[in-house]
Amino acid sequence: MTDTRAVNQRTKPPANPPERSRSAGAVTARTGVGDRFSSWTNHHREMWRESWVRFFASPMSSGMTALVIAIALALPAALQLGLTNFQKAVAAWDGQPQISVFLHKRARESAVQSFADDLRGDPLVAGVTYISPEQALAEFQQSSGLGDALLGMDSNPLPAVLLVRPRGSDTSSLEALATRLRANAMTDSVVLDMAWVQRLAQLTELGQRMSMGLALLLALGVLLVVVNSIRLHIENRRDEILVVKLVGATDAFVRRPFLYTGLVYGLVGGLIAWLLVSGGVWLLAGPVSGLANLYGSGFRLDGPGFTYLVGLAGGAALLGLTGAWLAVARHISAIQPR
Amino acid sequence: MIQFDNVNKRYESGQDALGRVSLEIDRAEMVFLTGHSGAGKSTLLKLLTAIERPTRGSIIVGGQNLNRLRNSQIPYYRRNLGIVFQNHQLLFDRSVFDNVALPLSVSGCSRREVGRRARAALDKVGLLHKEKQNPIVLSGGEQQRVGIARAVVNKPALLVADEPTGNLDPKLSEEIMGLFRQFNAVGTTVLIASHDLELIARMRQRVLTLQQGQLIYDGYPSREPAY
């Protein structure tokens, strides 16, 4: 260089550049608030549309992600639906405790009647119903459909039964009453129906908890699936993110398409999950109603109705959005122009 | 427009990229930044575009102190800046028009405004007739012109270019420089980093030379420099 001067010391230009008008060129672009808002809503609408376009642009990979979400959600949903149906089926058996006292076949009817009268006077007993062997046979024939088999028998195989309704329903007084009933010479066996009802309630509760736990675990799985898919989307659009950041995009702007993609994944997954559960119910409805008929019950399987549709689609969409948030929070800030 | 005051940049690796650089560039000036690779050109541009922050010293651009710029304010700062890259950084998944429109949609212009301004910018670089094409089918010179259109579409007060003619032959380079001169003529401050000394000499504009992170020359080279 021939013209190198001292460091950091500017030399005057050979000829002063003429004054330039600043009217046309370097005016910072400004946009009004209303414009900004409408463009913000526009961008949301565009991203919503674009995320669907992107979803169907690669139907295989998007479809598989959505299907994984769907299966993971369909499992707990089906379990929950099964429990609801089970509860509906057993609702006919009320929780009122009842003690069935099966008497020896040889017990004479007069002795049984006096035993029943004794019991009616017991402070622990609210009421006693006597079912004679003949009554029991008639009832059995009516409700079980096995009447023909019994008709073939020489004698009535059914014993007389006393149905004792206890006054209290706490376990200790029930047990005390049962022990007293067992002690009677005429008693063959005592069945505390309450225990069965309680077991049923406990089993239902167990099922509820298990389905809840499963749902939580699988929701976590869905979250991870979405995080991973969105991470791949972010990786694929790395160049775009860099350029957009360099031309002044805010983080919210960069995040938006990925959040919508997560939302769409969740929504589609939730809808497919609902279809899976509906399909399952449709497949099972026939056999279940057949089985119910055999038991003389008019029980019909409840399908996943509108509530399940809204719940599954909404919950899944929320999961998708959350997963996408987690992914963008981790990965988008890491992509900075260098 | 641009004011560097004793700016020091040391990278985390311990490498001193810039040392005590002070300079001042007025509004509507056109300045070339030159020096060997590794002299600190890129670092200076990165500081200017808020990609990096100075270790010491202050940088004021358009009255805004970049040291005090919060991370959340950087996007808004960059919207007043036009950046042209050597490898033009165009997105090949969208049309020329959409590439140019990108800064406008980012800053929230209405659709009508976006169309009007993007077409005006494309018209200025002479590529309006190719707005619907994918930039991948354009020649290197045309791609760079698209990059310039994108940089000026926001009507920035400051245009920064990093080796804008790096991959272009002399004739195309001349064309690109002509464009920069046009934008400068309407009042845009233009800072171009380049190592094409011949081209710089022909432009006869102010030149800043960096060497090992130091500003060793700031002035107007003589008519026919014997580089």
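**Figure 1. Right-handed crossing of H5(B) and H6(B) in a predicted model**. H5(B) passes H6(B) in a right-handed crossing. Helix H5 spans residues 140-152 of chain B, and helix H6 spans residues 170-185 of chain B. Their axes come within 10 Å and cross at roughly 15 degrees. The angle is under 35 degrees, so H5(B) is roughly parallel to H6(B). H5(B) contributes B:Gly141, B:Gln144, B:Ile148 and B:Val152 to the contact. H6(B) contributes B:Leu172, B:Glu175, B:Ile176, B:Leu179 and B:Phe183. By type, the contact residues of H5(B) with H6(B) are six nonpolar, two polar and one charged.

**Figure 2. The hairpin of S9(B) and S10(B)**. Strand S9 (residues 206-211) and strand S10 (residues 214-219) of chain B pair in the antiparallel sense. Five bridges join the two strands. B:Val207 stands opposite B:Gly219 in S10(B). Two residues lie between the strands of the hairpin. In the turn, B:Gln212 has a positive phi of about 50 degrees.

**Figure 3. Positive phi at B:Arg20**. B:Arg20 is not a glycine, yet its phi is positive, at about 45 degrees. B:Arg20 sits in strand S2 (residues 16-25) of chain B. B:Arg20 has 17 C-beta neighbours inside 10 Å, and therefore counts as partly exposed.

**Figure 4. Positive phi at B:Ala50**. B:Ala50 is not a glycine either, and has a positive phi of about 60 degrees. B:Ala50 belongs to the loop between helix H1 (41-48) and strand S4 (56-61) of chain B. B:Ala50 is buried because 21 other C-beta atoms lie within 10 Å; the cut-off for buried is 20 or more.

How values were computed: Residues numbered from 1 in each chain as written. Chains lettered and ligands numbered in written order. Predicted model: local features only at pLDDT ≥ 70, side-chain atom pairs only at ≥ 80, totals over all residues. Axes fitted to C-alpha atoms, helices over the stretch in contact; angles between N-to-C directions. Helix = DSSP H or I, 4+ residues; strand = E, 2+ residues; numbered from the N terminus. Parallel < 35°, antiparallel > 145°, perpendicular 65-115°, else oblique. Left-handed = near helix turned anticlockwise from the far one by under 90°. Contact = placed C-beta atoms within 7 Å. Nonpolar A, V, L, I, M, F, W, Y, C, P; charged D, E, K, R; others polar. Pairing = 2+ DSSP bridges. Buried ≥ 20, exposed ≤ 12 C-beta atoms within 10 Å, placed from the backbone.
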